[in-house]
Amino acid sequence: MEILICGRPDFDVEWLKTRTSYSGSVSASTPTITKLWEVLTEFQPEERGAFLRFVYGQTRLPPAIGGYSQELSIESLEKYGTPPDQILPEAATCSFKLKIPLVPPYLHLYTLFFCFVTYNCVANV
C-alpha cells in the first residue's frame with residue numbers, strides 16, 4: 001500500500017536517465033553530466049532521496065500508475081564573470097529542473113553534490 005500511495009523509497013538511475021532532457025550547453029555526453037550519473041549511482045538510497053528532494057521537492061518519485069510522464073530537465077548554469085567551480089547547482093522543484101555548472105573534470109562532483117544536496121537542501125518558509 002505504501003508504494004501505491006508514496007512511491008518507491010529509491011529509484012533506478014538508469015531509468016531516470018531515460019526520462020531526462022537536456023538544454024543549454026549540456027547533453028547526455030557532456031563530461032559533467034556523465035559524472036553526475038556516476039555520482040548518483042554511487043549514492044546510497046538516502047542520498048538519492050536527498051538529490052530528489054533538491055530537484056523535485058520530494059524524496060520519492062510518485063508511483064508509476066499509468067506511467068510517470070514528467071521528465072527531469074537538466075540545463076547548464078553559467079553566471080558570466082564567475083568561474084564554474086564557484087557556482088553551486090540550482091533547482092526548480094515545480095518543474096523538476098536541475099541547473100548545473102559545467103565544472104572542470106578534475107573537480108570532484110561527488111563531493112560537491114553530496115555536501116550541497118545533503119546539507120544545504122532546506123526550504124525557507
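**View 1. The largest nonpolar core of this predicted model has 21 residues.** Helices and strands both contribute, with at least two core residues coming from each of α2 (13-18), α3 (31-42), α4 (45-56), β2 (72-76) and β4 (97-100).

**View 2. Four strands make up an open sheet with mixed pairing.** Reading across the sheet, the order is β1-β2-β4-β3. The edges belong to β1 (20-23) and β3 (90-92). Each of these two strands has a single partner, so one of its sides is left without a neighbour in the sheet. From one strand to the next, the twist averages 20°.

**View 3. β1 and β2 run parallel, joined by four bridges.** Take a look at S23, which stands opposite E75 in β2. Helix α3 packs on the sheet, where it touches β1, β2 and β4. The direction of α3 makes about 140° with that of β2.

**View 4. S73 is a buried serine in strand β2.** The relative accessible area of S73 is 15%, and S73 counts as buried because the cut-off is under 20%.

Note on methods:
Residues numbered from 1 in each chain as written. Predicted model: local features only at pLDDT ≥ 70, side-chain atom pairs only at ≥ 80, totals over all residues. Heavy atoms only, no water. Core = buried A, V, L, I, M, F, W, Y, C linked by side-chain atoms within 4.5 Å. Buried < 20%, exposed > 50% of the residue type's maximum accessible area, 1.4 Å probe, protein only. Pairing = 2+ DSSP bridges. Axes fitted to C-alpha atoms, helices over the stretch in contact; angles between N-to-C directions. Contact = heavy atoms within 4.5 Å.
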